[in-house]
Amino acid sequence: MKTREQLIEFIQKQKTAFVGSVDEEGFPNMKAMFTPRRIEGDCFYFSTNTSSMRTRQFIKNPKASIYFYNRGRFKYEGIMLTGTMEVLQDDGIKREIWCTGDTMYYRQGVTDPDYCVLKFTAIKGRYYSALKSESFNMDDLK
């Protein structure tokens, strides 16, 4: 994998994040979401609905993955990160990642009980580019 800085830069350029959870029967579930609102170290913060199926799955089983890709004209590049997902309801973090247009999804604003934050903490990953894949641990990135 490239450096941590290059990994973050690549992720920030993408328009969609694919978020994977595990359902009650142990099957993987995948969902397209907006990209992370904030990235700090190995942590990625997403906004979502408290009432969503995905949120319920993460409460029961925090194992998760996130995937980002760029399909260029001549080059496909993708990064999958695996780790854990926490459901945060703390007003402080909710305010920190709130965006003005969010009232479209959360009518009551930042205090809407159906608004929560997903905090993904990456442990390891896999990088694909130029017909080659490479696994890495987040602790090993420079």
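**Entry 1, ground rules.** I am working with a predicted model, in which local features need pLDDT of at least 70 and side-chain atom pairs count only at pLDDT 80 or more, while totals for chains, interfaces and linings use all residues. Residues are numbered from 1 along each chain as its sequence is written, and side-chain values use heavy atoms, with hydrogens and water left out.

I looked first for nonpolar cores, meaning sets of buried Ala, Val, Leu, Ile, Met, Phe, Trp, Tyr and Cys residues joined through side-chain atoms within 4.5 Å. For burial I used relative accessible area, with buried under 20%, exposed over 50% and partly exposed in between (1.4 Å probe, protein chains only). The largest nonpolar core has 23 residues, of which Leu 7, Phe 44, Phe 46, Ile 66, Leu 81 and Phe 120 touch the most other members. Two or more residues of this core come from each of α1 (4-13), β1 (16-22), β4 (43-49), β5 (63-71), β6 (76-88) and β7 (115-129); helices (H or I, at least four residues) and strands (E, at least two) are DSSP runs, numbered from the N terminus. Another core, of nine residues, lies apart from it and includes Tyr 45, Tyr 106, Val 110 and Tyr 115.

I then listed the contacts (heavy atoms within 4.5 Å) of Phe 44, leaving out residues up to four places away in sequence, and found among them Leu 7, Ile 8, Ile 11, Ile 66, Leu 81 and Phe 120.

Which residues of helix α2 are buried? In this helix (residues 53-60) they are Arg 54, Thr 55, Gln 57 and Phe 58. They lie on the same side of α2, because they cover an arc of only 160° around the axis, taken from the directions from the helix axis to the C-beta atoms. These buried residues pack against β1, β2 (28-34), β4, β5, β6 and β7, whereas Ile 59 and Lys 60 are exposed on the other side of α2.

Tyr 105 sits in the loop between α3 (91-97) and β7 and is partly exposed, with a relative accessible area of 41%.

I searched the whole structure and found seven salt bridges, each a side-chain nitrogen of Lys or Arg within 4 Å of a carboxyl oxygen of Asp or Glu. One of them joins Arg 4 and Asp 42 (2.1 Å, N to O). Arg 4 lies in helix α1 and Asp 42 in the loop between β3 (38-40) and β4, so this pair ties together parts that are 38 residues apart in sequence. Arg 4 is partly exposed at 22% relative accessibility, while Asp 42 is buried at 18%.

Glu 24 is exposed at 57% relative accessibility, and Lys 60 is exposed at 63%.

I also recorded a salt bridge between the side chains of Arg 38 and Glu 40 (3.4 Å, N to O). Salt bridges that share partners join Arg 38, Glu 40 and Glu 96 into one network.
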